[in-house]
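Have the model open as you read.

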Amino acid sequence: QVQLVASGGGLVQAGGSLRLSCAASGRTVSAYRMGWFRQAPGKEREFVADISWSGSNTNYADSMKGRFTISRDNAKNTVYLQMNSLKPEDTAIYYCAVRLVVGGSWTYWGQGTQVTVSS
């Protein structure tokens, strides 16, 4: 069992930055891919970014490339999402997740942290 706790959300003006954190507990997640997703009001949850266990491989949704950076600190069992040049359309609840099976579905999810970007 893995517990994921996301934090760092808040209210920011357009063009601003936020850094989200997702701390894992229950077991180490250093060997697994981790990711960030988001869900805006009235919309389906969408992929934001993910990162391999070593941090050497990352993937981003097209709309986040160049603005968001995913990273991880395996010693702290934590994954981060640095969000720059935020836009009002980035407003959503951001969730972190861990995938324990290669190529499988995302196994565990955090509770989400609210990000609100004002225009």
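A residue is called buried when its relative accessible area is under 20%, exposed when that area is over 50%, and partly exposed in between. Keep in mind that what you are looking at is a predicted model. With the cut-offs in hand, take E46: its relative accessible area is 34%, so E46 is partly exposed.

First, the overall picture. Along the principal axes, the C-alpha atoms fill a box of roughly 40 × 25 × 25 Å. How does the radius of gyration fit with a compact globule? For 119 residues, such a globule would have a value near 14 Å, and the chain, at 13 Å, agrees with that.

Now look at how the chain packs. Of its 119 residues, 45% count as buried. Among the contacts between residues at least 6 apart in sequence, 53% join residues at least 24 apart. The chain exposes about 6000 Å², with carbon and sulfur atoms supplying 48% of that area.

Next come the charges. The structure holds 5 salt bridges, and a few of them are worth a visit.

One of them brings us back to E46, which pairs with R38; their closest N and O atoms are 2.6 Å apart. While E46 is partly exposed at 34%, R38 counts as buried because its relative accessibility is 7%.

Another salt bridge joins the side chains of D90 and R67, with an N to O distance of 2.7 Å. Where do these two partners sit in the chain? D90 lies in the loop between β8 (78–83) and β9 (92–99), and R67 in the loop between β6 (58–60) and β7 (68–73), so the pair ties together parts that are 23 residues apart in sequence. D90 counts as buried, at 0% relative accessibility, and R67 is buried too, with a relative accessible area of 10%.

These residues also belong together: R38, E46, R67 and D90 are linked in a network of salt bridges.

For a contrasting setting, turn to D62 and K65, whose side chains meet in a salt bridge at 3.3 Å, N to O.

Conventions
Residues are numbered from 1 along each chain as its sequence is written. This is a predicted model: local features need pLDDT of at least 70, side-chain atom pairs count only at pLDDT 80 or more; totals for chains, interfaces and linings use all residues. Side-chain values use heavy atoms; hydrogens and water are left out. The radius of gyration is taken over C-alpha atoms; the globule rule is 2.2 Å times the number of residues to the power 0.38. Buried means under 20% relative accessible area, exposed over 50%, partly exposed in between (1.4 Å probe, protein chains only). Contact means heavy atoms within 4.5 Å. Accessible areas come from the Shrake-Rupley method with a 1.4 Å probe; for residues, only the protein chains shown count as cover. A salt bridge is a side-chain nitrogen of Lys or Arg within 4 Å of a carboxyl oxygen of Asp or Glu. Helices (H or I, at least four residues) and strands (E, at least two) are DSSP runs, numbered from the N terminus.
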